[in-house]
Amino acid sequence: MSEQWQAELAEGFGSVRELLDFLGTAVPFSAEAAERFPFRVPRAYARRMRPGDPHDPLLRQVLPRAQELASPEGFVSDPVGDRHALKVPGLLHKYRGRALLITTGACAIHCRYCFRREFPYAESQFTRQREKAALDYIARDPELGEIVLSGGDPLLLSDDRLARLTGQLAAIPHLRRLRIHSRVPLVLPSRIDERLLEVLSSHRLRTVVVIHANHPRELDGEAGGALAAMRRAGLMLLNQAVLLRRVNDSVGTLCELSECLFERGVLPYYLHLLDRVRGTAHFEVPEAEARDLHEALRRRLPGYLVPRLVREIDGQPYKLPVS
Ligand SMILES: *Cc1c(COP(=O)(O)O)cnc(C)c1O
Ligand code: SF4
């Protein structure tokens, strides 16, 4: 049974050339980079790009470039220590009180700066066959109050799979919250349909959805409707962004991002410094500049619209504030 969103997912752009033809944009790209980390963009997202603009900040997030093939020092395969935080296949436990499930390796869109570009999904994702070990691990640790569904993108799981998983988690008495990290409400808004909302709101855990918008224009079009529907279903919405060179590295863009999020009922949560994964160096904004930007945001916005500027350092007990 194929649903609307699955059809839209399948109709997404799988070749750079096709997307550039659709946009009427001429810009160099690297087929070799696209071989290392495949290209993928849903049409609903591509419609928010500016036709003919080679510097479009949405296009920049997905365009495979020759710079990805360079590997400057300090840019590595696993910058945040995900491999050794895997306690059982599919489960990362780094921080006290919360653990994260790698529910799938699939994403609706492929972001070139992704920190899990090289994550070994095949052997390390939470599959139906491997679910017992991860659920037992969670059940054995009474300190765990929250499970984060991540990936990949957890909202690409089927409704049945999500219903089963949320049911299993809700049956663990010490869990109080469920968190979903997903870019799907923005990039494949048709996925946020009635059945999904029913699944996400029909268990006892308080549920937070952390979306991932880096630029205010990502919230345009059908994304607004998806976010409104999630709010109506009682889900709390937060945003995490990554500070990215020539995507959102200006006070104006970051202010506008916070304002647009708030208009859609989403509070800014984190602004991450780039995780230094191989192939992403051209997106990096140096820490001193990031701090200045953050200070400027503080001077312009109410405190609740200023995201926490953080950097993840392997081995630290939380995502470290940069200030
Ligand atoms: C980022 C992350 C979390 C969530 O951290 P918060 O500071 O609670 O948002 C949880 N587990 C892992 C493994 C993470 O990387
Ligand atoms: S949606 Fe998230 S996990 Fe998937 S490629 Fe983008 S940043 Fe990475």
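**Ground rules.** Because the model is predicted, I keep local features at pLDDT of at least 70 and side-chain atom pairs at pLDDT 80 or more, while totals for chains, interfaces and linings use all residues. Residues are numbered from 1 along each chain as its sequence is written, ligands are numbered from 1 in the order in which they are written, and side-chain values use heavy atoms, without hydrogens and water.

**Ligand 2.** I looked up what surrounds ligand 2 and found Cys107, Ile109, His110, Cys111, Cys114, Arg183 and His212 (a heavy atom within 4 Å).

**The pocket.** Ligand 2 sits in the largest pocket (more than half of its atoms lie within 2 Å of the grid points). I took a pocket as an open set of points on a 1 Å grid over the protein atoms alone, where a 1.4 Å probe fits, with protein on both sides within 12 Å along at least five of seven lines; lining residues have an atom within 4 Å of a point. I count 45 lining residues, with Phe115, Arg116, Ser150, His181 and Gln240 nearest the centre.

**Cysteines.** My search of the whole structure gave 0 disulfides (cysteine sulfur pairs within 2.5 Å). Cysteine 255 has its closest cysteine sulfur in cysteine 260, 11 Å away, so a bond is out of reach. I note cysteine 255 as buried, because its relative accessibility is 9% (buried is under 20%, exposed over 50%, partly exposed in between, with a 1.4 Å probe and protein chains only). Cysteine 114 counts as partly exposed, at 21%.
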